[in-house]
Amino acid sequence: MQEKQIREILKCTRCGKCVANCPVYEELGWESNSARGRMLLAKALSEKAPITQRLYDGLYTCTTCGLCGATCPSGSHPEHVVEDARREIVLQGKVADRINAMNSSVKKYGNPLKETKPRYEWMPPEIKLKPKADIVYFAGCLTSYRNPEVAQATIKILNKFGATMLLDEKCCGSPLIRVGDIPYEAMEANLKQIRASGAKTLVTSCAGCYATLSKNYSLNGVKVQHISQFLADHLKELNLPKLNLKVTYHDPCHLGRHSNIYEAPRTVIKQISELVEMKNIKDKARCCGGGGGVRSGYQDLSLAIAKK
């Protein structure tokens, strides 16, 4: 494990404040499924402990939502330690079948969903992609294959600013990075295309893509923005009408706690509707249960967290 994460483990005073906030512990009730317990599991792993099923499940049931790190009095970040521990597990060759399947799918299809249809099948016919532009829209796998209406709406807006997209966009790598694997080929393919596009700004509507593109890619001066940030910066130009709607907003873990983006989405929502906040917001927002590979590996747990 990385020396930086060993220091994070040593910061932990075992106070238990994270236990009270952990959505996984709330459902499962085992110490090994809490942030405090996972710090001990990661410490054991760093000391060459064998990878048992209990150790594996303790580390892989974490959604890496970051509630623990946001509330830790010692300033430790168990969510980062968990990702590093998972990387160590993968490097030791203890890779679950589902992770191997995701990796194979990314290599073969460019996405972890085993989707064979064209990635941009949703593209509005009036949009013509250019090989180069100052603004490039990175849709991501889930947006393209599961929420194409979001991709359509986003490119229609960005097209007004002369935006284009990567001609052969691949998975950003987030789903595999969160479980300890790294799809180097896909990431390198994206990086080469971003550089070739001449992009000055890379915009994405996916919180996971945003966190990955901004932290795991060497973009050398290319500005990465979530679509909410781009919209907030261009509200005057867009001249959006006010809608008679009451809207609430859930802070995605990767956009909020992991990237500290809280105000831009609210600025846009307030511009076009009435924002009614939930009880837990910003750095205290509840996890949706879908992150950290939990949705694919422990679906019942993921759904139970989502219902809360």
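Trainee: Where does S205 lie in this predicted model?

Mentor: Begin with the elements on either side of a residue. In this predicted model, S205 sits in the loop between β3 (201-204) and α13 (207-215).

Trainee: Is S205 buried or exposed?

Mentor: Look at its relative accessibility and compare that with the cut-off: buried means under 20%. S205 has 16%, so it counts as buried.

Trainee: Which residues does S205 touch, leaving out those up to four places away in sequence?

Mentor: Find them in the 3D view: Y137, F138, A139, T143, V150, T154, H226 and I227. With Y137 there is also a polar contact, in which the two side chains come to 2.7 Å.

Trainee: T154 is on that list. Which residues of α10 are buried?

Mentor: T154 is one of them, together with A151, I155 and L158. Looking down the axis of α10, you would find its buried residues within an arc of 95 degrees, so they line one face of the helix.

Trainee: What span should helix α10 have?

Mentor: Here you can check a helix by simple counting. The rule is 1.5 Å times one less than the number of residues. Helix α10 covers residues 148-159, which is 12 residues, so it should span 16 Å; its end C-alpha atoms are 16 Å apart, in agreement.

Trainee: Let's turn to charged side chains. How many salt bridges are there?

Mentor: The count comes to 15. Take R36 and E31 as one example: their side chains meet at 2.6 Å, N to O. E31 is partly exposed, because its relative accessibility is 31%.

Trainee: Which parts of the chain does the salt bridge of E83 and R178 link?

Mentor: For this pair, the closest N and O atoms are 3.4 Å apart. The bridge links distant parts of the chain, 95 residues apart: E83 is in helix α7 (residues 78-91), while R178 is in the loop between α11 (174-177) and α12 (184-197). Both E83 and R178 are buried.

Trainee: And how should I read E121 and K117?

Mentor: Their salt bridge has its closest N and O atoms 4.0 Å apart. E121 is exposed because its relative accessible area is 51%, and K117, at 34%, counts as partly exposed. Salt bridges can also share partners: E26, E27, R286 and K308 are joined into one network that way.

Methods:
Residues numbered from 1 in each chain as written. Predicted model: local features only at pLDDT ≥ 70, side-chain atom pairs only at ≥ 80, totals over all residues. Heavy atoms only, no water. Helix = DSSP H or I, 4+ residues; strand = E, 2+ residues; numbered from the N terminus. Buried < 20%, exposed > 50% of the residue type's maximum accessible area, 1.4 Å probe, protein only. Polar contact = N/O pair within 3.5 Å; in protein donor to acceptor, adjacent residues only side chain to side chain. Contact = heavy atoms within 4.5 Å. Arc of directions from axis to C-beta.
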